Structure formats: C-alpha cells, structure tokens
Amino acid sequence: MAKNENQLDYRAERKKRLANNAKKSSKKGIDSVKVVTWVVRAIAIVLAVGIAVFALYQFGVPQKFMPAVKVGDRTYSVAEYSYYYSSVFQTYVEQSNSLQQSYGYTLFDYTKDPAVQTTTDEDGNKITYDELFRQRVLTTLETANYYLDKCEAEGITLSDEHKAEIDELIGSIASSAEANHFSASRYISYVYGKGLNEKMFRELLEEQYLVAQYLEDVEEDCYSSFTDEELEKAYAEDPGEFQAVDLRLFGFEVEKEEEKEETTTAAEETTAEATEETTAAEETTAAEETTAEEETTEAVEEETTEAVEKEPSKTELLAEEMLGKIKDEASFIELAYEYAAEKDKETFKNDTATLAKNIKRATVKDQIGEDLAEWLYSADRKVGDKKVYPTDDYVYVIYIIKTAYRAEEPLVDARHILVSFDSVASELKKTDGNKIDVEKKEDQEVKTATTEEEIEITNQGTGYSIELVTETYKQARDIYDKYMSGEKTEEAFAKLADELSDDGGENKNGGLYEGIEKGKMVEPFENWVYDKDRKAGDVDLVMTEYGWHVMYFVKQHEEPAWKVSARETLGSKAYAEIEEEVIKETEGTAVPAAFLGFAASEACKNADKLY
C-alpha cells in the first residue's frame, strides 16, 4: 500500500515538474521573439536615422552649422567656406579662358578635378590646384576679415549703388532658378555648395561688396595722393617708364615643326663631327687620351650650342629678307602686305594694320620681350631704325617711326554707336529682293556718293560697295536723328548704344570708351575725338573701316596722358605695397575649425561638378 502511494507521489511530482518546465520553455520562446523584435526595431531606427541624416546632408542642413574656419570674431561654416572656394575656383576658370583666347594655352584645366592637377606655390613647392585653392580661400578670409573690421571701426556701410547691384544679381539668379524649376535658395545651394541659402548668399555678397568698396577708396587715395612735383621727379628718375614710342610692327608666325627639324638637323651634323673628333682622340697615347676626350667633349658641347643658337630658322631668314628691303615707312607697309599669309592679305591692305602708336615700355616688355624694350627705349635710337626680333611664337620685324617721347595730349572719353558694314551686309543677305551688292572684295571699285543731306561719302578702305556703305550710313543717320529728336542727354545716348550698337568689344557700357589715348583708335575715330574744337555733348557721324559711328563726346581729361600713366604706375605700386602689408599682418589668423577638412573636400567636389 505504501509503495503505491509513493508511486503516486512520484508521478504527481513529475507531472508538476514537467508542467513547470513547459512554462519555462514557453517563457523562453516569448523572450526570443522579443529579442528579435528589438533587433529589427533597432535596425529600423538606425536606417531611419541614416536616411534622415542623408536627407539633411543633401539639403545642406549640417553644412550651415558645421564650423570650418575661425578668423578673429567670425566663424565661417562649411557652406560659407564652399562659397569662397567656388569664388576662387571661378576666378581661375576666367583666367584660364582668358589665356586660352589670348595665347592658345592654359595652366589650369577646369574640366578636370583640381585635386589631380599640379602647380607650384610661391616657394616653388609642387602642390595640387585644390591645395592652392584652399590656401587662397584662407588668405581671402583673413584679408576680408581685416577690411570688415576696418569698415566697422570707421562706420563705413554699403552704398545704395552696391545694394542695387546685389538686388539685381539675386533677382537674376531667382529668374534662372525659376526657369529651371528651382527655388532661389535651392539653385544657390546647387551652384555654390550645400547649405547655402538666399539669406546667407546675400550676407556674403554684402560682405564682399563692402570690402571691394573699401578697397576702391584705398586705391583711389593711392592714385590721387601724388603731387605734380612727385610725378615730375619720378619721370626724371626713369623717363622710359613713362615714355612711349611709335613704330611699325609685323610678325611672322613660327612654324614649330620646321624649327624642330632644323634644330635636329643641326644637332645631328654636330654629333657626326663629334664622332670624328672622338675617333681621332682615341688614336692618341693612353696618357693623353683622358685629357683629349675631355677637351673634345667641351669643344663639341660649345659647337653644338653655337650651331643651335646661330643657325637661323626659315622664319628668321624670311624676316631678315623683309628687313633688308625696308627703305622707309611706306615700303614697310607695302612689304607687310607682300609677306602676309594669304588669309591675312585683306587685313594688311589697310596701312594701319602694322601701326603701333603710343606704346609703353612695360607693354613691350610684357608682351614681346625685355631685350626689345631696352633696344626701343635706348637713347641711341633714331627714326628709321629697324630690327628683327625672334620669340617662341613670332619673329617680329620692327621699324621705328617716332623715338621715345612724353605723351602730352590729354586723355578723352567718348561714347559711340556702331552700325557695322558686316552687320548690314548680313541682314541684307536675308532680305528677299535685295539688289545691293553685299560681298566684301579686295578689288572693290572705289566710288563716291552724295547723301540726302548732301554729304559726300566713299567706300574707300571698306571693301564693300558704295551702295552698302550708303545703306549703312542711312541706318546710322536714323539713330542720329532719333537721338537728336529726344532728350539729347548722355544717359539717353548710352541707352541707345546698349540697344543698337554693333560694337562687340568691351565697351558695352553705353558705348563708352574711357581714357582714350592718342594713337589707340582708328584714325577717323581719333581725329574726331581729338579735334581741337571738340566740346562735351558734341554728336556727329564718322565712318571708319568698320562702319558708321554715331559719336558722342563726353569730356577731355585735365592731365596729359604721361601724367595719368605715371599716376597709375606709382599708384599701383603704392596699392600693391598696402596689399602685401595686409597679407603679412593677417597671415595665420585663419584658424581651422572642426570641419575644415570636410568643408574643403565638399567644396572641391562641388566646384568640380559644375564643369
């Protein structure tokens, strides 16, 4: 009996134990599900945070607040740093374009990543353009901070004119943004870097304009601070710095492959001679052999150098040939046409094509060569002196028509509206039923005609028919009449020039040419503006080889040209000294903040994507 009871107790205990185990297993299962759930939730949270951070990054939210550089009391964010980097980058793009257009080469290829292109810094160290841009940004921020402090201390604020320019610029950006279905802030962020919005952009522009305004005043003070006595003293110390010469100039373009072949041939001939001399040397005694070889090597090197330097190229021989035929100025003009390439014949039919008047020594030195500048401005020069001067790209033939002199004529300002022969001819070509000869010809028959105003005109020197010249005159006359029947103010003339002038040059600012020096413009234009009876507000029609000009005389400057040039030269030096002093004083004041590396990396990527 006791045994059965024990068995029952055991079974009851076992059943209870199994039940407890079942409950524990059940709890363990529930806990596992919870853990998995928590893990999934954690991953989801991380992903959500990542997506949010990425979205914030794309919209530039962190860049607005991340500090990149601290200068004095100002801290520049990643977004602001990127703006300055973009400004530096665009400056180099403009310089590269200018070099490409003027000289056919460029130092910085803006179509490639600046981080993989190298240059040298001021100390001659090899660095990437990205590193150079970073340095420029820091220097810019340092000097900008210095001048902003100056403005604040002196109570200088932004002028209404500059405020209007900023409004116009931002308005233009807003229009471009709208055309591309962007908000202005989003468009600015795309162009200048993530995080920059319209408000920040305006503030940065205001700072830049204020600094520029301050520097304009500093520069003006530098130019105007010199007295007449100081200018005369500067001239006496170095007359050539402020003098000018008049000359005839013709350039033969160097054929690179030809030069290379001739240099190679000369080198090969010299090498052959060297081989013969070396063979002869080997036949000497062993004691003399080393000395003979050394002497032979030196002789070969000297002869090789002389052969390469003295052997004239085909281009130089051609220039020397022309030089030998020059008897006077008239023969120079004729020979320039004779030796001109076929594609340039039309240009050199005009006797002004080779004329270079009022040329400064610095211009010759910078654009052609220092040796030529020294020769031209030497006290030994006389009218009729001539010379061949080779450079890497051209071999020049020079003929002096006026030795170094001091330009005493005053500078003048004038506006013009050009109605060009080319433009009128192009329009007439598109006109149905046109019967006017619109082709430009080298052998165009010279004729004259009388206008309705009984003015006699000619087509001489234009290459166009008298009918086209007359039609161009009529269009210019219509503009003249329109002006004369209106307000007859300089502002009204400038407005017409902006609307109607065919002049594609740099003077699209109401057709204005400021500081015209004698000898710098085509003869009919110059003769009109330098007429001794000319006065402010005069208006007239003048024909040049380019077309008919509606002229407006603005003013004559008070100082002679040489004095203006001297003032600019001395003023530029004084201003450069101030700039250098400020750079030295502020160097190292830009302190890297936490995110400078990130800011520079972002700025480089942003600049690179624009091109």
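The following legends describe close-up views of a predicted model.

**Figure 1. Confidence of the predicted chain.** The pLDDT of the chain averages 82, and 79% of the residues score at least 70. Residues 270-293 have a pLDDT below 50, and this stretch has 14 contacts in the model beyond near neighbours in sequence. Over residues 303-308 the pLDDT also stays under 50. For residues 303-308, the model has eight contacts beyond four places in sequence.

**Figure 2. The open sheet of four strands.** The strands pair in the antiparallel sense and follow the order β12-β9-β14-β13. At the edges lie β12 (512-516) and β13 (539-544), each of which pairs on one side only. On average, and with direction ignored, neighbouring strands of this sheet are turned by 35° against each other.

**Figure 3. Strands β9 and β14 with helix α20.** Ten bridges join β9 (residues 410-420) to β14 (residues 547-560) in antiparallel pairing. Within this pair, V412 stands opposite Q556 in β14. Helix α20 (residues 561-586) packs on the sheet and touches both β9 and β14. The direction of α20 makes about 70° with that of β14.

**Figure 4. The largest nonpolar core.** This core comprises 53 residues, of which V69, Y81, Y83, Y85, F133, L196 and F201 touch the most other members. Two or more residues each come from β1 (67-71), α3 (78-103), α4 (129-154), α5 (160-179), α6 (184-192), α7 (198-224), α20 and α21 (596-609).

**Figure 5. Surroundings of V69.** V69 is one of the residues that touch the most other members of the largest nonpolar core. With residues up to four places away in sequence left out, the contacts of V69 are R74, T75, Y76, Y81, L138, L141, A590, V591, A593 and L596. Among these, Y81 is likewise listed with the residues of the core that touch the most other members.

**Figure 6. Crossing of helices α16 and α17.** The axes of α16 (residues 421-429) and α17 (residues 466-484) come within 10 Å and cross at roughly 100°. The two helices are therefore roughly perpendicular to each other. On the α16 side, the residues that meet α17 are F421, V424, A425 and L428. Their partners in α17 are L468, V469, E471, T472 and Q475.

Terms used:
Residues are numbered from 1 along each chain as its sequence is written. This is a predicted model: local features need pLDDT of at least 70, side-chain atom pairs count only at pLDDT 80 or more; totals for chains, interfaces and linings use all residues. Side-chain values use heavy atoms; hydrogens and water are left out. Two strands pair if DSSP finds at least two bridges between them. Axes are lines fitted to C-alpha atoms, for helices over the stretch in contact, and angles run from 0 to 180 degrees between N-to-C directions. Contact means heavy atoms within 4.5 Å. pLDDT is the predictor's confidence in each residue, from 0 to 100. A nonpolar core is a set of buried Ala, Val, Leu, Ile, Met, Phe, Trp, Tyr and Cys residues joined through side-chain atoms within 4.5 Å. Buried means under 20% relative accessible area, exposed over 50%, partly exposed in between (1.4 Å probe, protein chains only). Angles under 35 degrees count as roughly parallel, over 145 as roughly antiparallel, 65 to 115 as roughly perpendicular and the rest as oblique.
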